[in-house]
Amino acid sequence: MGEASDKQNREISAEQVQAIQRGDEVAIAELVRTYAERIYRFVYHQVGGREEDAEDIVQETFLAAIKAMHRFKGSARVSTWLYSIAAHKVADYYRRQKCRKEKPLPPVEIDPSDLDSPEVLLEKAELREKIWTALERLPDRYRTVLVLRYIEGLTINEIMEITGQTQKSVESTLMRAKRAMANILGLK
Amino acid sequence: MTADKTEKTVERLLSLLAAEPVHLRPGFQARLIAILNQAVISRKRARLLIARGWAWAALALAIILALVGGWLVTPRPAITATLEVKEGQVVVQQTRPVFLTLARSSERTLTKGQTTKLAPGDRVRTDANGQALILYPSGSVTEMQPDTDLSLLELRKDPSGLVIRIKVWLGKTLHRVKRALESLSTFETETPLIIAGVRGTVFRLHAISEDHTYLATDEGLVRVQMGDQVVDVPAGYEVDAIAGQPLRVRPQVTIYINLAGRPKAWEATITTISPFAIEGTAPPGTTMVLLANGEEIARVQADEQGRFILPMAFPAEGTYSLELKAVGPGGLVQVAPPVPFTYDATPPSLEILEPMTTEVIGASVTLRGRTEPGAIVQIGSYQTEADAQGLFSIEIPLNPGTNEITITATDAAGNTLTSKFYLVRK
């Protein structure tokens with residue numbers, strides 16, 4: 001857990017940022033190794049676990065980051081900056097999905113009695129699908145803060161950094177997001 | 001379920017989802033790194049291309065600006081004169097600025113009726129039949145006679161007015177200089193020998209050679225400078241500027257010798273009898289003096305129209321050298337070259353050599369005789385001229401019976417001798 005947590009919190013150095021700005025291949029590889037998995041997980045849960053879509057969004061995120069790296073001043077952490085870019089890319093993804101007029105998602109409901117032993121239920125793909133479906137149905141800003149807070153385990157401060165919101169606003173968004181998700185899941 | 005509990009349930013669901021291991025598929029990171037590196041390379045190339053594009057664009061712009069700027073600052077003649085060909089052919093050498101100090105020279109031949117613009121530096125040559133006009137913006141005109149070569153040295157405006165400077169290398173020109181009302185124009189004509197500066201005048205210039213220039217002023221005043229010498233040539237006067245000789249202004253005089261109503265040019269060799277007169281024109285009031293062998297033999301003043309008549313009578317026959325002089329601004333000056341003159345008052349001799357008898361057979365007879373060389377021999381309407389030995393022959397018809405023959409010999413001076421005799425046709 002400690003090693004995983006270290007990996008989770010690791011950031012590249014300012015020198016590496018400068019090296020990326022110069023187009024250094026080694027530094028770019030280090031950027032990918034440091035952040036790709038985190039960003040992938042952040043995206044993966046937002047796109048209903050569709051691996052290919054998640055990979056496409058991660059790729060877009062890193063390409064955008066590389067393109068905009070010369071504007072990165074180091075006032076924020078690279079990870080929060082990448083989360084921010086990824087959140088926008090996910091929003092773009094959903095805008096495209098709407099444009100494609102895909103079929104409406106199936107109804108989502110969870111029997112409250114199943115929640116007594118969710119660990120067991122989670123073994124079932126069905127429940128996982130239902131959570132992803134509920135997340136997909138949420139507005140972008142709700143889905144983003146929920147995933148950042150409860151799946152990525154970021155602090156309120158970190159989420160403030162990513163979303164550019166105030167603490168109150170983040171907390172309020174979180175509360176509304178949870179209620180909205182509960183509604184979608186049929187939790188009463 | 002309370003709201004708080006519901007929220008906790010959502011949190012719990014999400015945290016359970018978080019506990020699920022999520023890993024990138026194998027090879028994704030490597031692919032992503034490759035894609036990013038490729039993107040970086042592409043961007044670098046694009047930037048390089050853009051930078052090169054900008055560099056080329058900047059270079060092109062700089063070249064265009066340099067060309068436009070250069071074109072704008074290229075000196076061009078602000079004022080031009082117009083050359084108009086009146087007769088024959090005229091060769092024009094022109095130099096025109098192209099870019100900055102670069103200029104293009106050209107030579108072309110214009111024919112009657114054609115015109116072109118003349119700028120300083122241009123040179124114009126008329127051929128043996130060529131005549132041309134140069135019209136200046138001030139209204140002044142230069143007339144070029146055949147075989148004349150001149151250059152337009154200067155044509156510009158300065159604070160005092162229009163400045164025109166031309167150089168007549170060779171040939172005859174006439175200049176009508178008009179002074180602009182609003183500004184005083186400067187009109188200066190050079191030859192290899194002199195500089196003529198004028199303001200509002202008409203004058204003729206003949207660059208005879210590098211060492212000899214003739215100038216005559218018809219209106220106004222021309223100031224002529226040759227080396228350190230400066231003279232003013234007023235209207236009606238002229239000057240022959242000859243290198244190494246003093247500039248002497250003299251009246252313009254036209255003269256001829258009037259032999260009893262038969263005018264002959266001054267240059268002709270004259271053999272005549274008295275009386276005769278020397279006539280001509282000169283500036284009104286000019287005193288004309290005629291000299292024979294260096295001695296003054298007549299003096300007269302030109303009238304208000306400038307006409308003068310010098311009546312002549314010689315005391316004795318002989319050959320004289322006649323000179324015509326005038327009292328000019330600088331004293332007595334010769335206005336015409338000496339002309340040889342023979343005063344002959346003796347009638348020609350006349351001797352009939354054939355027929356030797358007064359009786360003749362046939363309807364006509366050929367008379368042969370001797371008189372003065374060149375004398376005209378006339379019998380009635382028949383006439384002949386004696387040869388260099390004075391011999392002549394003339395055939396005349398005869399009537400039957402006695403014929404009265406009147407024969408007249410007239411020498412070059414106009415002296416005559418008439419002889420009468422009879423021939424009898426048998």
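Predicted model: local features only at pLDDT ≥ 70, side-chain atom pairs only at ≥ 80, totals over all residues.
Residues are numbered from 1 along each chain as its sequence is written, with chains lettered from A and ligands numbered from 1 in the order in which they are written.

**Where chain A meets chain B**

- Chain A brings 36 residues to the contact and chain B brings 27 residues, two residues being in contact if their C-beta atoms, placed from the backbone, lie within 7 Å.
- On the chain A side, the helices that each supply at least two residues include H4 (51-68), H7 (125-137) and H10 (167-185).
- H3(A) gives the largest share of that side, ten residues. Helices here are DSSP runs (H or I, at least four residues) and strands are too (E, at least two), numbered from the N terminus.
- By type, the side of chain A that touches chain B splits into 21 nonpolar, four polar and eleven charged residues. Nonpolar covers Ala, Val, Leu, Ile, Met, Phe, Trp, Tyr, Cys and Pro, charged covers Asp, Glu, Lys and Arg, and the others, Gly among them, are polar.

- Strands E22 (residues 287-292) and E23 (residues 295-301) of chain B pair antiparallel over six bridges; pairing takes at least two DSSP bridges between two strands.
- B:Met288 sits opposite B:Val300 in E23(B).
- Two residues separate the strands of this hairpin, and B:Asn293 in the turn has a positive phi of about 50°.
- B:Asn293 is partly exposed, since it has 13 other C-beta atoms within 10 Å.

- Most residues other than glycine have a negative phi, and most peptide bonds are trans.
- B:Asp147 has a positive phi, near 55°, and lies in the loop between strand E7 (141-144) and strand E8 (149-158) of chain B.
- The peptide bond from B:Glu354 to B:Pro355 is cis, with omega near -5°. B:Pro355 is in the loop between E27 (350-354) and E28 (359-360) of chain B.

**Around B:Ile242**

- B:Ile242 belongs to strand E16 (residues 237-242) of chain B and is partly exposed, with 17 C-beta neighbours inside 10 Å.
- Leaving out residues up to four places away in sequence, B:Ile242 touches B:Asp211 and B:His212.
- B:Tyr214 is 28 residues from B:Ile242 in sequence and 8.5 Å away in space, C-alpha to C-alpha.

Key
Buried ≥ 20, exposed ≤ 12 C-beta atoms within 10 Å, placed from the backbone.
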